[in-house]
Amino acid sequence: MIATLDAMTQHQNTQTMKPATAAKKLGVYLPATPAEFQEGVVSRAELNALQAEPPQWLADLRKNGPHPRPVVAAKLGVSIAGLARGGVTEALTTEQIDALREEMPEWLRQERATQAKVREETVRLKEKKAAKAEADAQDR
């Protein structure tokens with residue numbers, strides 16, 4: 001039993017991930033990261049260190065981009081599918097995102113409205129579920 005626990009603890013300490021996974025967790029676009037990041041593996045401890053004290057390259061990427069699609073979608077207030085429907089399939093820089101916000105093309109306006117409706121429906125369903133749970137609790 002002790003040997004199994006030791007093996008599990010040791011395995012847990014050396015857990016590594018592919019650069020693509022680490023980039024996703026860091027919210028950065030992998031092709032924009034330094035070559036040594038792209039070519040290596042990242043341990044859980046290294047990821048935690050990058051998150052706690054980001055090196056200059058990571059701080060710059062987070063600030064200026066290019067940003068991966070999930071980050072672009074969040075910054076624009078739309079879904080990833082909405083980006084695709086709008087023709088945005090590549091990573092964008094902060095400058096490009098700001099320009100889109102300023103320009104506010106019709107597709108972006110529509111996708112933001114759709115996203116707002118989705119959020120409203122999610123809140124409505126959550127409230128309905130909470131009310132039902134409360135009613136069920138009172139019936140007991």
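Predicted model: local features only at pLDDT ≥ 70, side-chain atom pairs only at ≥ 80, totals over all residues.
Ground rules. I took local features only at pLDDT of at least 70 and side-chain atom pairs only at pLDDT 80 or more, while totals for chains, interfaces and linings use all residues. I numbered residues from 1 along each chain as its sequence is written, and side-chain values use heavy atoms, with hydrogens and water left out.

Entry, cores. I looked up the nonpolar cores (sets of buried Ala, Val, Leu, Ile, Met, Phe, Trp, Tyr and Cys residues joined through side-chain atoms within 4.5 Å). Buried here is under 20% relative accessible area, exposed is over 50%, and partly exposed is in between, with a 1.4 Å probe and protein chains only. The largest core has 12 residues, among them Val 72, Leu 83, Ile 97 and Trp 107. Helices α6 (69-76), α8 (94-103) and α9 (106-139) each supply at least two of its residues; I read helices as DSSP runs of H or I, at least four residues, numbered from the N terminus. The most comes from α6, with three residues. Another core, of 11 residues, lies apart from it and includes Phe 37 and Leu 50.

Entry, Met 104. This residue belongs to the largest core. Not counting residues up to four places away in sequence, I find Met 104 in contact with Arg 109 and Arg 112 (contact: heavy atoms within 4.5 Å).

Entry, Thr 94. I place Thr 94 in helix α8. Thr 94 counts as buried because its relative accessibility is 18%. Leaving aside neighbours within four places in sequence, Thr 94 contacts Lys 63, Asn 64, Gly 65 and His 67.

Entry, Ala 137. I place Ala 137 in helix α9. Its relative accessible area is 49%, so Ala 137 is partly exposed. From Ala 137 to Ala 91 I note 46 residues in sequence and 48 Å in space, C-alpha to C-alpha.
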